[in-house]
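Here's a quick briefing to read alongside the model. Have the sequence and the 3D view open as you go.

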Amino acid sequence: MENVSAKNNNVVNLTFTALMAALICICGPLSLPLPISPVPISLTNLAIYFTVMLIGWKRGTVAYIVYLLIGLVGVPVFSAFTGGPGKLLGPTGGYLIGFIFMTIIAGLFVEKFEGKYVMYFVGMILGTIVTYIFGTAWLAFQAHMGFKAALFAGVIPFIPGDLAKMVIAVFVGGAIRKRLQKARIL
């Protein structure tokens, strides 16, 4: 009987990981270009925040890496329906790589501080800061601009929207998480 339960748990884990990878693939291409920046407003980080709220850092990181690999082979899952290695090597590639660390950091906070919404938010902020650092450094290098100019092009305009995405993910994702836990699905 225990073997059947373990298999069912593996199926649930794989299913949720695949669903979250699919969610990131659906949200990732949805973006709004900004005339002041080579970095578009994207829903990728919102999908990642939801992912870690529901499945934590390990499976969330796997889901995000699956998304990256899908995009790397050319499927148009990156912002503005683009894909391929050129996107990772382009001006926004640092943000795409930085999201790996955001997933780990935010997911660890969700798992470590179960039920503590303020700590979920803190983890998302810290993870996003790491993403900003990776993204800004790469943008500065790729676009041949100073770090400060890259910060104003790739971070400052996005802070209010990213904070709003975090709040949405914490409260909506938290409510979904509670229901899935109550139903003994998570």
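Where is the place of His 144? Look in the loop between α5 and α6 (147-154). Bear in mind that this is a predicted model. The points below start with that loop residue, then move on to the helices, the core and the cavity.

**Positive phi angles**

- His 144 has a phi near 55°, which is a positive value in a residue other than glycine.
- Most residues other than glycine have a negative phi.
- With a relative accessible area of 73%, His 144 is exposed, because the cut-off for that label is over 50%.
- Arg 184 is another non-glycine residue with a positive phi, this one near 60°.
- You'll find Arg 184 in the segment after α7, and at 76% relative accessibility it counts as exposed.
- Gly 74, which comes after α2, has a positive phi as well, near 110°.

- What does α2 span between its end C-alpha atoms? The figure is only 15 Å, whereas a straight helix of 29 residues would span 42 Å at 1.5 Å a residue.
- α2 (44-72) also has a bend of about 125°, located at Gly 56.
- α7 (159-182) is a case where the numbers match: its 24 residues should span 34 Å at 1.5 Å a residue, and its end C-alpha atoms are 34 Å apart, so the two agree.
- The buried residues of α7 are Asp 162, Lys 165, Met 166, Ala 169, Val 170, Gly 173, Gly 174, Arg 177 and Leu 180.

**The nonpolar core**

- The largest nonpolar core has 28 residues, and the ones touching the most other members are Tyr 64, Tyr 67, Leu 68, Leu 96 and Met 124.
- Two or more residues of this core come from each of α1 (2-27), α2, α4, α5 and α7.
- α2 gives the largest share of this core, with ten residues.
- Leu 68 is part of helix α2, and at 8% relative accessibility it counts as buried, since the limit is under 20%.
- Leu 68 and Met 20 are 48 residues apart along the chain, with 13 Å between their C-alpha atoms.

**The cavity**

- How many cavities of 30 Å³ or more turn up? The count is one.
- About 280 Å³ of space lies in the largest cavity, and 23 residues line it.
- Closest to the centre of the largest cavity are Val 39, Pro 40, Ser 42, Tyr 95 and Phe 99.
- β2 (37-42), α2, α4 (93-112), α5 (117-142) and α7 each supply at least two residues of this lining.
- Sorted by class, the lining of the largest cavity has twelve nonpolar, eight polar and three charged residues.

**One more residue in α4**

- Is Ala 106 buried or exposed? Ala 106, found in helix α4, counts as buried, with 1% relative accessibility.
- Ala 106 and Gln 142 are 36 residues apart in sequence, and their C-alpha atoms are 27 Å apart in space.

Notes: Residues are numbered from 1 along each chain as its sequence is written. This is a predicted model: local features need pLDDT of at least 70, side-chain atom pairs count only at pLDDT 80 or more; totals for chains, interfaces and linings use all residues. Side-chain values use heavy atoms; hydrogens and water are left out. On a 1 Å grid over the protein atoms alone, a cavity is a set of points where a 1.4 Å probe fits but cannot get out, and a pocket is an open set with protein on both sides within 12 Å along at least five of seven lines; lining residues have an atom within 4 Å of a point. Grid points are joined across faces, edges and corners, and a volume is the space filled by probe spheres set on the points. Helices (H or I, at least four residues) and strands (E, at least two) are DSSP runs, numbered from the N terminus. Ala, Val, Leu, Ile, Met, Phe, Trp, Tyr, Cys and Pro count as nonpolar, Asp, Glu, Lys and Arg as charged, and the others, Gly among them, as polar. The expected span of a helix is 1.5 Å times one less than its number of residues. The bend at a residue is the angle between axes fitted to the seven residues ending there and the seven starting there. A nonpolar core is a set of buried Ala, Val, Leu, Ile, Met, Phe, Trp, Tyr and Cys residues joined through side-chain atoms within 4.5 Å. Buried means under 20% relative accessible area, exposed over 50%, partly exposed in between (1.4 Å probe, protein chains only).
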